[in-house]
Amino acid sequence: MPDIDKKDRPVTSVTDQEALEFHAMGRPGKLEINPTKPMATQRDLSLAYSPGVAVPVKAIAADPQTAYDYTARGNMVAVISNGTAILGLGNLGALASKPVMEGKSVLFKRFADVDSIDLEIDTENVDEFINCVRFLGPSFGGINLEDIKAPDCFVIESRLRELMDIPVFHDDQHGTAIIAAAGLINALELTGRDLKTTKLVCNGAGAAAIACVELVKAMGFAPENIILCDTKGVIYQGRTEGMNQWKSAHAAKTEARTLEEAMKGADVIFGLSQKGAFSAKMIRSMADRPIIFAMANPDPEITPEEVARIRDDAIMATGRSDYPNQVNNVLGFPYIFRGALDVRASTINDAMKIAAVKALANLAREDVPDDVVAAYQGNRPRFGPQYIIPVPFDPRLISAIPVAVAEAAIESGVARKVITDMAGYARELSARRDPIASTLASLYERVRRRPKRIVFAEAEEEQVLRAALSYANQQLGTALLLGREDLIRATAERAGIDLNRPGLEIVNARISTRVEAYIDYLYARLQRQGYLHRDAQRLIHNDRNHFAATMVALGDADGMVTGITRNYSTALEDVRRCIDEKPGHRVIGVSLALCRGRTVFVADTAVHDMPTAEQLADIAEEAAGLARRMGYPPRVAMLAYSTFGHPSGERSERVREAVKILDRRRVDFEYDGEMAADVALNRKVMEQYPFCRLSGPANVLVMPAFHSASISTKMLQELGGSTVIGPILVGLDKPVQITSMGAKDSDIVNMAAIAAYGGS
Ligand SMILES: NC(=O)C1=CN([C@@H]2O[C@H](COP(=O)(O)OP(=O)(O)OC[C@H]3O[C@@H](n4cnc5c(N)ncnc54)[C@H](OP(=O)(O)O)[C@@H]3O)[C@@H](O)[C@H]2O)C=CC1
Ligand SMILES: CC(=O)C(=O)O
Ligand SMILES: [Mg+2]
C-alpha cells in the first residue's frame, strides 16, 4: 500500500461536544415513529381502530401469515442489546448501549428502508434475556441482536433461533463475518493467495472473532492455519485459563503463546479486539503483502497511517468510514434483513449468508458505472488494494445484496413468500434508496479532495464558530473567521472551541492589509450607481457581508457563507453589490426537500418574485443544472394550479409559455407542464395524462412564483416532516451561500460545503 496521503487520512470528523449536541438537538435521540395512515376523520378512526380494526384481527387469527398484509410486522426489525459489549468499549450496560442501537435502527431505515426499533434489555442473565425476547416474535419480522458479549451471545442466539420462527441474527457475529469474508476473498485474489494455504491470526475470541473464524473455515481455510488469540494470548490446545467451549473448538496446535509470536509470518490478521492491540513489531513480522483487517470500533487495533510507516505492501482495512476499505457490518445487516423480510424468511441460514458474501465480493470487482461514481467522491474506484469492498453509500448494495439473499432463501426452502420476478424486485429495491445521503456524502468528499478556503462572514456568532470548527474538523478546508478578533475569541471561549487548531484562521477586517484593495474594487463597481468613495469605505469597514463577498470576488477566499444575522434578501443584495451573475446565467435559489426517501429540487425559492415566462424557463435550466451536478437526472415539472390547460388563467398561461420557450431552446433535460403538484409527483395521477413527456415523477419543481415556492417548501418542512436544505444560490459568478436567519450549525456547515463544492 502506498503511503497514506492526505485524502486517505482519517477525518477526525467530530468532536465530543459535536457528538453530544448532535444527539441532543431537536427531538433528543435519532428516532421517532410516524403513522402510515391518516387518522383525520371519524371514518379513519373507525377503520384504524374500533370497530374496523376487528376485521384484520380476525383475519390474522384465522391465518397468521396475513399479519404481513395487515400490520407493519413484515418490515419491522427489533435491534436488541443488553450493552455487554458495546462496540469495542466493553460492558457499559443496557442504557448506555441505546445510542448505538438507535443508530443501527436508523441505518436499517436509511440504507434499506427497513423500519426498526431499538430494545435495550437490562439484564446480564442469559435466561432472563432469552425469556424477554422469545415472546416478542409477533411484533417483528426479524430480530437483530447487537453488542452482547461472548460467550453469552452464542447461547442467546442459538436458543432464540430454536424458539422463534423469524430470523434471529447476531449482527456482531454474522454481519461482521460476512463483510470480513467478502473483503478477505478479494484481498486473497489481489495477493495471489490460495485460501487452503493462507495463514490467518485472529486477535479477539469473542462474538465477532469466533463467527469470522467459523466462516473462513467453512470457506476452505485449513483449521491448522488459523490461530485465535484473546487477552491471555494464543488459544492453544490444552490451555485452561479463560477458556470456553467456543474458544476450545478453535484451539490451535502451536508452540506460539503470544500474539507477537503468532503473527510472525502470518498472511492475514483480523483484529476484533481493542484499540491499539497490534504493534509495529508485529506488523513488520508478517509475511509479504500482508492482509490486515483492524476492525475494532471506534478505534482500530492499528491505524492505516501506522501501518504505512512500517511497510508499503499491506492491504489494510478498518471498521471506520474515514479510511479506505471499511469492513463494517453496516454493509450487511440492512440488506440481509431486507432480502429476508421480502420473502418472509423464517430464518437467516448459511446459504443466505454465503450469498451475501459473494454478492458483496463481486460488487467490488465490477466496474463502477457512471451513476455510482458520485458515491465514490467522483472518483471511479478500481478493484485493488485500496478498494476491496464497496463503501456503505454505494447505491448498488440495495439491489445486489437483498436479491442474492432472497434467492438463497427461496432455494434453501426458508422463504414463506416466493418472488418470481427478480428483475422487477431489483428495480423496486433501487426505488427504496434515499439518494440524498450519498449525494451529500459525495459532495463532502469531493470538497475534501480539493479543500477550499471559505469565509464565515458572521464568525462572532456561536453557531457559526461551531460550523467553522466542524468544517475544519471534517477537512473540508480552511474556515476563515471574519469578525472582531476579541469578540470571536470571547465567543470561542464561551463555546469551548480551540481557535489554535489547524484549519481556522481569524480575519480581522479592521487590521486587514487588503482593505484598500477591497474599497477600490467596490467603488469601481458602484460609483455609477450613486455610491461615493466614502460609501464604499463604509461598506467595507463596517459590513461583514461586503468585506467577505469582496474577499471572494478578489480570490482571497474560495467561497462564503452568511445569513445568520440578516434576512435573506438583504444578505443577497449585499453580496450582489460585490459579485455578478455568471455570464449567461440567472441567479436563483433552489431548495432541496428531502421527504420519505424522495429528494426534490424546488425553484426559485429566493430571487424572482413574479417571474416572466422567459425567467421561468431560465429558472428551469438553472435548477436542472444543479440537480444534474448533484447526480440527479433532472425531470422538471413546470408547476401551476392547472394541468395542461385546465382550468385556464393568467399565471398558468405564463407557465405554458415557459414550456414553449424551453421547446425553442431545445434544452437537454426532461420537462413538461404546466401541471399541478400531484400530477408532477404522483405516478398514478400522471398516468391520466399519457402524453406527458416526463418519464417518471418529477424531481425538479419550478414554481410559478416566489410566494408559492416559499410557502410550499416551508409547509413541507413544518407539516410534511421534510428536511429542507437551502435555498442554494446558483448562477452567481463566485460561490456564495446564504443560510436562513438563526440556522443551526449543521445547516451552516452544509451550506459552507455547498459553497466549497460550487467552487470545485
Ligand atoms: N468492524 C465491524 O463491523 C465490527 C467490529 N467489531 C469489533 O470487534 C471487537 C470485539 O467485539 P465483540 O466480538 O462483539 O466483543 P466480545 O466482548 O464478544 O469479544 C471481545 C473479545 O476480544 C478479546 N480482547 C479484548 N481486548 C483484547 C486484547 N487487547 N487483545 C486480545 N484480545 C482482546 C476478548 O478476550 P477475552 O475473551 O480474553 O476477554 C474477547 O475474546 C470490538 O472492538 C468491536 O467494535 C465487532 C463487530 C463488528
Ligand atoms: C460495528 C459494530 O457492530 C461493532 O463494532 O460492534
Ligand atoms: Mg456491534
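Me: What distance separates the centres of domain 1 and domain 3, taken over C-alpha atoms?

Reply: The centres are 22 Å apart. The bounds of such domains come from an automatic or database domain assignment. Here that assignment gives domain 1 (6-171), domain 2 (174-324), domain 3 (332-433) and domain 4 (588-731). Before we go on, a word on the source: this is a predicted model, in which local features need pLDDT of at least 70 and side-chain atom pairs count only at pLDDT 80 or more, while totals for chains, interfaces and linings use all residues. Residues are numbered from 1 along each chain as its sequence is written, and chains are lettered from A and ligands numbered from 1 in the order in which they are written.

Me: How many residues of domain 1 and domain 3 are in contact?

Reply: Contact means that two C-beta atoms, placed from the backbone, lie within 7 Å. On that basis, 20 residues of domain 1 meet 16 residues of domain 3. Helix α5 (98-112) and strand β3 each supply at least two residues of the domain 1 side, with helices (H or I, at least four residues) and strands (E, at least two) taken as DSSP runs numbered from the N terminus. The top contributor to that side is α5, with four residues.

Me: And how does the domain 1 side divide by class?

Reply: It has 10 nonpolar, six polar and four charged residues. In this scheme Ala, Val, Leu, Ile, Met, Phe, Trp, Tyr, Cys and Pro are nonpolar, Asp, Glu, Lys and Arg are charged, and the others, Gly among them, are polar.

Me: Which residues are around ligand 2?

Reply: They are L87, D147, D171, D172, N297, G319, N328 and N329. That shell divides into one nonpolar, four polar and three charged residues.

Me: Is V216 buried or exposed?

Reply: The test counts other C-beta atoms within 10 Å of a residue's own, placed from the backbone: 20 or more is buried, 12 or fewer is exposed, and in between is partly exposed. V216 sits in helix α9 and is buried because it has 23 such neighbours. Setting aside neighbours within four places in sequence, V216 is in contact with A181, L184, L200 and F221.

Me: What should helix α7 span, at 1.5 Å a residue?

Reply: The expected span is 1.5 Å times one less than the number of residues. For the 12 residues of α7 (152-163) this gives 16 Å, and the end C-alpha atoms are 16 Å apart, so the two agree. Buried residues in α7 are C153, F154, I156, E157 and L160. Their cover includes α6 (126-134), β3 (142-145) and α8 (171-190).

Me: What about the backbone: which peptide bonds are cis?

Reply: Most residues other than glycine have a negative phi, and most peptide bonds are trans. Among the exceptions here, a cis bond joins N297 and P298, with omega about -5°. P298 is in the loop between β9 (291-294) and α13 (304-310). Another cis bond runs from G726 to P727, with omega near 10°, and P727 lies in strand β20 (723-730).

Me: What is the phi of D113?

Reply: D113 is not a glycine, yet its phi is positive, about 55°. D113 is in the loop between α5 and β2 (115-120), and is partly exposed because it has 18 C-beta neighbours inside 10 Å. Q475 also has a positive phi, near 55°, but Q475 is buried, with 21 other C-beta atoms within 10 Å.

Key
A residue is near a molecule or strand if its C-beta atom, placed from the backbone, lies within 6 Å of it.
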